[in-house]
Amino acid sequence: MIISSSHEKTRHEAVSGLLQCYIFSVAYGRNSSWIFFCEEDTRIQVVKLLEILGRFDTSKEWFLGKALHDEESTIIHHYAFAENPTVFKFPDFAAGWALSIPLVNKLATKLKSEPLKSDFTIDLKHEVSSVLYFQHNDYLCFNVNDCFAVPVVKQTWEREAALIEYYSDYRDISIPTIDLGVPNTERGHCGKTFAILERYLNHSSPRTPWLVIVDDDTLISIFRLRKLLSCYDPNEPVFLGERYGYGLGTGGYSYITGGGGMVFSRAAVQRLLASKCRCYSMDAPDDMVLGMCFSGLGIPITHSPLFHQARPMDYPKDYLSHQIPVSFHKHWNIDPVKVYFTWLAPNTEEALNGKKVEFSREDL
């Protein structure tokens with residue numbers, strides 16, 4: 001059995017899930033029975049895992065994991081299976097998932113001749129299952145067990161932030177907002193984002209090690225974010241958040257999706273602005289341009305599943321049950337203040353003793 005962390009780096013930047021099958025097939029296909037994927041903080045009872053895997057015929061094609069499903073169709077899964085989203089199951093990566101070598105070999109052969117068609121990688125666990133569902137349904141087996149929202153920010157997480165600035169295309173002293181001199185755009189906000197980065201580097205104290213850029217409808221726990229950032233060195237170039245991908249199967253790049261929040265170390269901003277990488281247009285998608293820039297600089301895009309591009313109800317309950325989330329995004333059809341205090345506000349234990357929060361779970 002080969003164990004692979006979903007955070008591992010291969011010589012191909014951000015080679016993801018199914019694309020790794022080709023590499024594993026070549027490297028381990030002759031002397032292994034299973035490839036087991038897990039996250040860096042997954043806790044594994046190896047004896048029990050081997051016992052479970054031993055129940056399956058390794059000459060056949062198996063796809064094993066803890067099954068999740070959507071309660072309702074959601075934008076992050078492109079409204080797939082809209083009539084009844086509960087029928088489609090996909091693995092909880094944090095609990096680990098396994099592919100038998102015969103299935104790995106078949107997928108490797110398939111992917112070599114027919115590359116993945118989708119340009120975007122949004123939720124890899126769902127997309128991995130989609131490919132397996134539509135191509136190998138007979139072999140599936142799961143182990144089933146711009147400042148419009150400022151009033152909300154001020155009612156929720158503003159009080160946690162030591163330093164916060166609001167940016168707009170006009171100055172409003174009642175908030176107050178800062179006019180960066182960049183006109184508002186209907187689509188991407190690349191020009192505005194790079195102006196924020198320039199302002200941070202040139203006008204903030206050098207003792208401010210981190211920059212967090214969020215949308216006005218992002219809900220975030222600053223308390224938990226601080227704890228998470230204690231794991232990272234701001235003197236190193238760090239670009240952190242929820243990682244998406246574009247064209248990963250054809251030499252593309254990863255990027256941090258902006259809605260869940262983009263976290264930059266000062267060193268990362270310095271490296272970026274010292275380069276010649278800039279927006280190709282003022283309304284280019286800022287998060288994707290940043291992904292291209294950091295990829296070109298050789299700075300890794302650091303993924304954390306604790307950042308979320310969508311609302312809590314857009315994710316399976318079991319997926320969120322073992323998380324201590326840092327952020328959510330969008331106010332559609334919800335009470336955002338209630339969502340914040342339900343999901344993100346520091347609980348009594350966190351607030352009183354400030355003990356280190358464990359971002360781990362024991363599902364196997």
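I take a polar contact to be a pair of N or O atoms within 3.5 Å, where, within protein, one atom must be able to donate a hydrogen and the other to accept it. The model is predicted.

**Entry 1: Thr218**

I looked up Thr218 with that cut-off in hand. A polar atom of its side chain lies 3.1 Å from the backbone nitrogen of Asp215. The Thr218 side chain also has a polar atom 2.7 Å from the backbone oxygen of Gly259. I placed Thr218 in strand 11, which covers residues 218-220. Its relative accessibility is 0%, so I list Thr218 as buried, the limit being under 20%. I then set aside neighbours within four places in sequence and listed what Thr218 touches: Trp157, Gly259, Gly260, Ser327, Phe328 and His329.

**Entry 2: disulfides**

How many disulfides does the structure hold? I found two. Counting bonded cysteines along the chain, I get the pattern 1-3, 2-4.

I took Cys190 and Cys279 up to begin with; their S to S distance is 2.1 Å. The link is left-handed, with -90° about the S-S bond. Cys190 sits in helix 6 (residues 190-203) and Cys279 in the loop between helix 8 and helix 9, so this pair ties together parts 89 residues apart in sequence. Cys190 is buried at a relative accessible area of 0%, while Cys279 is partly exposed at 22%.

The other disulfide joins Cys277 to Cys293, with S to S at 2.0 Å. I read a torsion of about -80° about its S-S bond, so the Cys277 and Cys293 disulfide is left-handed. Cys277 belongs to the loop between helix 8 and helix 9 and Cys293 to helix 9, so the parts tied together here are 16 residues apart in sequence. Is Cys277 buried or partly exposed? I have Cys277 as partly exposed, at a relative accessible area of 24%. Cys293 has 2% relative accessibility and counts as buried.

I also checked Cys38, which is buried with a relative accessible area of 7%.

**Entry 3: helix 8 and helix 9**

I looked at how helix 8 (residues 266-274) meets helix 9 (residues 286-297): their axes come within 10 Å and cross at roughly 90°. That makes helix 8 roughly perpendicular to helix 9. Helix 8 contributes Ala268, Arg271 and Leu272 to the contact, and helix 9 contributes Leu290, Cys293, Phe294 and Leu297. By class, I log six nonpolar residues, no polar ones and one charged. Cys293, listed in this contact, is also the disulfide partner of Cys277.

Methods: Residues are numbered from 1 along each chain as its sequence is written. This is a predicted model: local features need pLDDT of at least 70, side-chain atom pairs count only at pLDDT 80 or more; totals for chains, interfaces and linings use all residues. Side-chain values use heavy atoms; hydrogens and water are left out. Axes are lines fitted to C-alpha atoms, for helices over the stretch in contact, and angles run from 0 to 180 degrees between N-to-C directions. Helices (H or I, at least four residues) and strands (E, at least two) are DSSP runs, numbered from the N terminus. Angles under 35 degrees count as roughly parallel, over 145 as roughly antiparallel, 65 to 115 as roughly perpendicular and the rest as oblique. Contact means heavy atoms within 4.5 Å. Ala, Val, Leu, Ile, Met, Phe, Trp, Tyr, Cys and Pro count as nonpolar, Asp, Glu, Lys and Arg as charged, and the others, Gly among them, as polar. Buried means under 20% relative accessible area, exposed over 50%, partly exposed in between (1.4 Å probe, protein chains only). A disulfide is a pair of cysteine sulfur atoms within 2.5 Å.
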